[in-house]
Amino acid sequence: MKYKAVISFVGDLFPANMGYNNGFGVGSNFLKHHGNIWEENIKKIFDNSDLVFANLEAPLIYNSEIVDKKTFAGDSIFANFLKKNKIEIVSIANNHILEHGIEGFNSTCEILEKNLIKYIGVFNNNTSNIQIITINGISFGFSAFNDIENIENPNLYADLENELLLNTINELNILNLDYKIISLHWGHEYCHYPSLDQVMLAHKMIDLGINIVIGHHTHVIQPVEEYNNGLIFYSLGNFLFDMLWSKKVRSGLVAEIMFEKNNFTYNLSGIYLTNNYGPILNESITTKILNLNKKFEHKLSKFYKTGKYKNPNFRLNRNIQRVLMKKEILKNWNKISSVSKQILFNKLFKL
């Protein structure tokens, strides 16, 4: 069957270096190959898609020297790579978009605009900005929020606050749209299940008229829930990232949604990060999400019967992955710059 519109959704996309891989992380490697080594696999992943959405996990700037030597900065030409690979709408409402301050935030918006890439998650008159995209006569409204606080936000991106969220949903509902989609940067890192608060909020959003909720930030995959004629992707994991220290963080999902005017269906595909940070399709991860979904259904069924919902052990999951990350740092110690070593040395054994 030929669908009128096919949109793929992926999780965290990182154009930069971390503190432990300055000079050889995603950002530095991209400066050498401009994404050419990733494109063959990415084209396969998005072969059927008209449009792709991702969470852009770092600002884009014009200074390639800073990209190579510092952390959380992607080069301006990364936007061209996104555009070439159908990633034409991104969320910039996340806890790292202000790593280079107001200037970095503004340059990100400017660079995306120059490359005709739409972005969501900008604070706008007590709402989050809305982008409307029409594909073959089907209209989609997108908006986004961040719920993870690392850096003080001077009303640049949209925080996940009740009033702001309700105002935005009301704005979306007023518009004559076929589908309303909200992206959320939320949850606990490295946990495979959402908290009860997340479940209740996602359900509330669907009840208020949102069709699809897209989650990211945890860096691992979480369940997919069909609820009240809507879809909730609690976390799609990583899509293009330099987290290579465990299978959990190297795994992600592609949610390919096929839309007709009045209904939609979807496919899930697992992806796995290769040693060069790019994604490849992986069937075992597709099987893993199906198993996660079954366990999640059981958790929800038990909650509806007993009122009890067992939240995951957030701290244990986080600490296990941080220990594995530190092992990865030690493995690459000889590659790390002296400046980065000095910074890392003080943090290395702190959980």
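Predicted model: local features only at pLDDT ≥ 70, side-chain atom pairs only at ≥ 80, totals over all residues.

Reply: Residues are numbered from 1 along each chain as its sequence is written, and side-chain values use heavy atoms, with hydrogens and water left out.

Me: Why is α1 called roughly perpendicular to α2?

Reply: The axes of α1 (residues 26-33) and α2 (residues 36-45) cross at roughly 95°. Angles of 65 to 115 degrees count as roughly perpendicular (under 35 is roughly parallel, over 145 roughly antiparallel, the rest oblique). So α1 is roughly perpendicular to α2. Their axes come within 8 Å. Axes here are lines fitted to C-alpha atoms, for helices over the stretch in contact, with angles from 0 to 180 degrees between N-to-C directions. Helices are DSSP runs of H or I with at least four residues, strands runs of E with at least two, numbered from the N terminus.

Me: What makes the contact between α1 and α2?

Reply: Val26, Phe30 and His33 of α1 meet Asn36, Ile37 and Trp38 of α2. Contact means heavy atoms within 4.5 Å. The residues divide into 4 nonpolar, 2 polar and no charged. Ala, Val, Leu, Ile, Met, Phe, Trp, Tyr, Cys and Pro count as nonpolar; Asp, Glu, Lys and Arg as charged; the others, Gly among them, as polar.

Me: What makes β9 and β13 edge strands?

Reply: The open sheet has 6 strands in the order β9-β10-β11-β12-β14-β13, with mixed pairing. β9 (131-135) and β13 each have a single partner strand, so one side of each is left without a neighbour in the sheet.

Me: How do you know that β9 is joined to β10?

Reply: Two strands pair if DSSP finds at least two bridges between them. Here 5 bridges join β9 to β10 (residues 138-146), so the pair passes. The two strands run antiparallel. Gln131 stands opposite Phe142 in β10.

Me: Which helices lie on this sheet?

Reply: Helix α6 (residues 162-174) lies across β10 and β11 (179-185), at about 175° to β10. Helix α7 (residues 196-207) touches β11, β12 (212-216), β13 and β14 (230-233).

Me: Why is α7 called roughly perpendicular to α8?

Reply: Their axes come within 13 Å and cross at roughly 85°. That makes α7 roughly perpendicular to α8. Leu196, Val199, Met200 and His203 in α7 meet Phe296, Leu300, Phe303 and Tyr304 in α8. The contact has 7 nonpolar, 1 polar and no charged residues.
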